[in-house]
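Hi,

Here is the structure I said I would send over. Have a look at it first, and then read on for my notes.

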Amino acid sequence: MTMPLDAHATDEPDEAALLARYARGDAAAARALTLRLTPRAYAQAMRLLGDRAEAEDVAQDAMMRLWKIAPDWRAGEAKVTTWLYRVVANLCTDRLRRRPRGPVALDEVAEPADPAPGAEEHLQAEARRSALAAALAGLPERQRLAVMLRHFDGATNPEIAERLGVSVEAVESLTARGKRALAAALKGQAAALGYEG
Amino acid sequence: MTDRQDKVDWVDALLDDVGGAAPADPSGDLMARVLADAEAAMPAPGGAPVREGLWRQMLAGLGGWLSVGGLVAATAVGFAVGLGALSTVGLDALWLGEYGAYYDDTLGFSVNGWDFEEG
């Protein structure tokens, strides 16, 4: 619940307005969009991929797609933040699906360079993140986005419905089915991830 | 509590734990690279290049809708006369065709729209 989708102050121009200014060659809009959107894209990618270099590649790739689409952007059809969220999610999913599959055990997680107090917690957190990301990658896109928007971004069901262009009832169904699918994909890993006993 | 509910509960906890982790901050290098990309891809000041579809380019090349309308009408009339069927088809049919709607609905390109995969 740490990265609201629309965290900027309401008196600032929204992303669509900035993108329109960028398409007209406004360098200040390029800087504003970079500062506003790159941290979100990177944080989202890190949460799914857990690797700085890969997350940076994904964030840069997603932002490049935004720059390229700017001249053709149609204001009002979709929110820029939602479009970018979806692009990042799909780029990460592509990478996750190319990774070797299988349950993640604690001893498979990379050791921190300098073991210190909290290292065990770090390993546990990384094992959880990695297992969840792999399971999310196996979900159909709308289920994945609905679950991520709900649990990673703290969006309410009506907000998710608006962003995905579906009804609130459909969001409830998507998140419920998504979580059941995650439970099936993560079956047998609860104890290893510290959720039993 | 059912077994099925237990399974979803621990997944809920997992989602909240992973989602509640502090977001990673991007490096200065990444921000600089993204800004460099933005500046390199930015259209020239004053306006974005307008990408026009093939049909619009052909239309402009032929002199616009008015010219094409005349061309289409002349062709259709010639065709109808040739068939000797003008009296049964009627000229109105030529003007009531929905070519414009066909262009917008069938050939138009939606930039922001997307179709989700099944799920």
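Below is what I found, going from the overall picture to the helix pairs and then to the contact between the chains.

Before anything else, keep in mind that this is a predicted model. Chain A has an average pLDDT of 86, and 85% of its residues score at least 70. Among its helices, α3(A), residues 52–69, comes out with the highest confidence at a mean of 96, while α5(A), residues 119–137, has the lowest at 90. Two stretches of chain A need some care. One is residues 1–9 of chain A, where the pLDDT is below 50, although the model still gives this stretch 17 contacts beyond near neighbours in sequence. The other is residues 103–107 of chain A, with pLDDT under 50 and 13 contacts beyond four places in sequence. Where pLDDT is low, the predicted coordinates should not be read in detail.

Chain B has seven helices and zero strands, and its elements run α-α-α-α-α-α-α from the N terminus on. As for burial, 43% of the 197 residues of chain A count as buried, while in chain B, with 119 residues, the buried share is 8%. Within chain A, counting contacts with a separation of 6 or more, 64% are between residues 24 or more positions apart.

Next, the helix pairs inside chain A. How do α1(A) and α2(A) cross, left-handed or right-handed? The crossing is left-handed. The axes of α1(A), residues 15–23, and α2(A) come within 8 Å and cross at roughly 140 degrees, which makes α1(A) oblique to α2(A). On the α1(A) side, the contact is made by E15(A), L18(A), L19(A), R21(A) and Y22(A), and on the α2(A) side by A29(A), A30(A), A32(A) and L33(A). By class, these residues divide into seven nonpolar, no polar and two charged.

A17(A) also lies in helix α1 of chain A. Is A17(A) buried or partly exposed? A17(A) counts as partly exposed, because 14 C-beta neighbours lie inside 10 Å, and buried would take 20 or more. The C-alpha atoms of A17(A) and A29(A) are 8.8 Å apart, with the two residues twelve apart along the chain.

The second pair is α2(A), residues 27–49, with α4(A), residues 80–98. Their axes are 10 Å apart and the helices pack at an angle of about 30 degrees, and therefore α2(A) and α4(A) are roughly parallel to each other. This crossing of α2(A) and α4(A) is right-handed. From α2(A), the residues that meet the partner are L37(A), A41(A), Q44(A), A45(A), L48(A) and L49(A); from α4(A), they are L84(A), Y85(A), V88(A), C92(A), R95(A) and L96(A). The contact of α2(A) with α4(A) has ten nonpolar residues, one polar and one charged.

One loop residue may be worth a click too. P140(A) sits in the loop between α5 and α6 of chain A, where α6 covers 141–151. P140(A) is partly exposed, as it has 16 other C-beta atoms within 10 Å. Its C-alpha atom is separated by 9.6 Å from that of L174(A), a residue 34 places away along the chain.

Finally, the place where the two chains meet. How many residues of chain B are in contact with chain A? There are 44 of them, and they touch 51 residues of chain A. On the chain B side, the elements that give two or more residues are α1(B), 3–19, and α2(B), 28–41. Of these, α1(B) gives the most, with twelve residues. The chain B side divides into 26 nonpolar, seven polar and eleven charged residues.

One helix pair spans the two chains here: α3(A) and α2(B) have axes that come within 10 Å and cross at roughly 20 degrees. That angle makes α3(A) roughly parallel to α2(B), and α3(A) passes α2(B) in a right-handed crossing. If you want to pick out this contact on screen, select E56(A), A59(A), Q60(A), M63(A), M64(A), W67(A) and K68(A) from α3(A), together with L30(B), R33(B), V34(B), D37(B), A38(B) and A41(B) from α2(B). These residues divide into eight nonpolar, one polar and four charged. The α3(A) helix is also the one with the highest confidence in chain A, at a mean of 96.

Best wishes

Notes:
Residues are numbered from 1 along each chain as its sequence is written. Chains are lettered from A and ligands numbered from 1 in the order in which they are written. This is a predicted model: local features need pLDDT of at least 70, side-chain atom pairs count only at pLDDT 80 or more; totals for chains, interfaces and linings use all residues. Two residues are in contact if their C-beta atoms, placed from the backbone, lie within 7 Å. Helices (H or I, at least four residues) and strands (E, at least two) are DSSP runs, numbered from the N terminus. Ala, Val, Leu, Ile, Met, Phe, Trp, Tyr, Cys and Pro count as nonpolar, Asp, Glu, Lys and Arg as charged, and the others, Gly among them, as polar. A residue is buried if 20 or more other C-beta atoms lie within 10 Å of its own, exposed if 12 or fewer, and partly exposed in between; C-beta atoms are placed from the backbone. Axes are lines fitted to C-alpha atoms, for helices over the stretch in contact, and angles run from 0 to 180 degrees between N-to-C directions. Angles under 35 degrees count as roughly parallel, over 145 as roughly antiparallel, 65 to 115 as roughly perpendicular and the rest as oblique. A crossing is left-handed if the near helix is turned anticlockwise from the far one by less than a right angle, and right-handed if clockwise. pLDDT is the predictor's confidence in each residue, from 0 to 100.
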